[in-house]
Amino acid sequence: MMKFAVDNLTEMHRSLQRFAEYLRGAGLDEDDVFNSRLVGCELLTNVIRHCGHTAFFSGDVEGELIVISVSSEGAKKFELCRGLPDVLAESGRGLYIVNAVCSGNIAFTGDGITARIRIGTKI
């Protein structure tokens, strides 16, 4: 399992690169690494940009799933955009993308979100 905390986008990108290397070391292909980075980036960016708090990340491979959890020390909660957001919408696109990549396998908790990506998912 890999865990880290970030409070800015530069550190987020460096930490997600380390997570990508972790996944490659576990034998995952580049499609799975890409999907994981995409989901991690969207979720972490939501916390950093919209909450203004430190984002806490954990990610691991569990059987046929890549499990990514992101939480915040803040109290703001995000809601999943179930329909395709308007192209000019100010919010909702990131969670819509995460939902699509995870085939709806997302769970909201009190302070965060857990997304499960099936290994071998093609987008």
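Buried means under 20% relative accessible area, exposed means over 50%, and partly exposed lies in between (1.4 Å probe, protein chains only). Keep that handy for the exercises below.

This is a predicted model, where local features need pLDDT of at least 70, side-chain atom pairs count only at pLDDT 80 or more, and totals for chains, interfaces and linings use all residues. Residues are numbered from 1 along each chain as its sequence is written, and side-chain values use heavy atoms, with hydrogens and water left out.

**Exercise 1. Work out the overall layout of the protein.**

Step 1: Tally the elements. The protein has three helices and five strands; helices (H or I, at least four residues) and strands (E, at least two) are DSSP runs, numbered from the N terminus.

Step 2: Along the sequence you get β-α-α-β-β-α-β-β.

Step 3: Check the burial. Of the 123 residues, 42% count as buried.

**Exercise 2. Find the strand partners of E5.**

Step 1: Take E3 (residues 65-72). E3 and E5 pair in the antiparallel sense over seven bridges, and Ile-68 stands opposite Ala-115 in E5. Two strands pair if DSSP finds at least two bridges between them.

Step 2: Take E4 (residues 106-108). Three bridges join E4 to E5, again running antiparallel, with Phe-108 opposite Ile-113 in E5. A hairpin of three residues links E4 to E5.

Step 3: Look at the cover. In E5 (residues 112-118), five of the seven residues are buried.

**Exercise 3. Is Ser-36 buried or exposed, and what is Ser-36 in contact with?**

Step 1: Locate Ser-36. You'll find Ser-36 in helix H2.

Step 2: Apply the opening definition. Ser-36 is buried, because its relative accessible area is 0%.

Step 3: List the contacts (heavy atoms within 4.5 Å). Leaving aside neighbours within four places in sequence, Ser-36 is in contact with Phe-19, Leu-23, Ile-66, Ile-68 and Ile-117.
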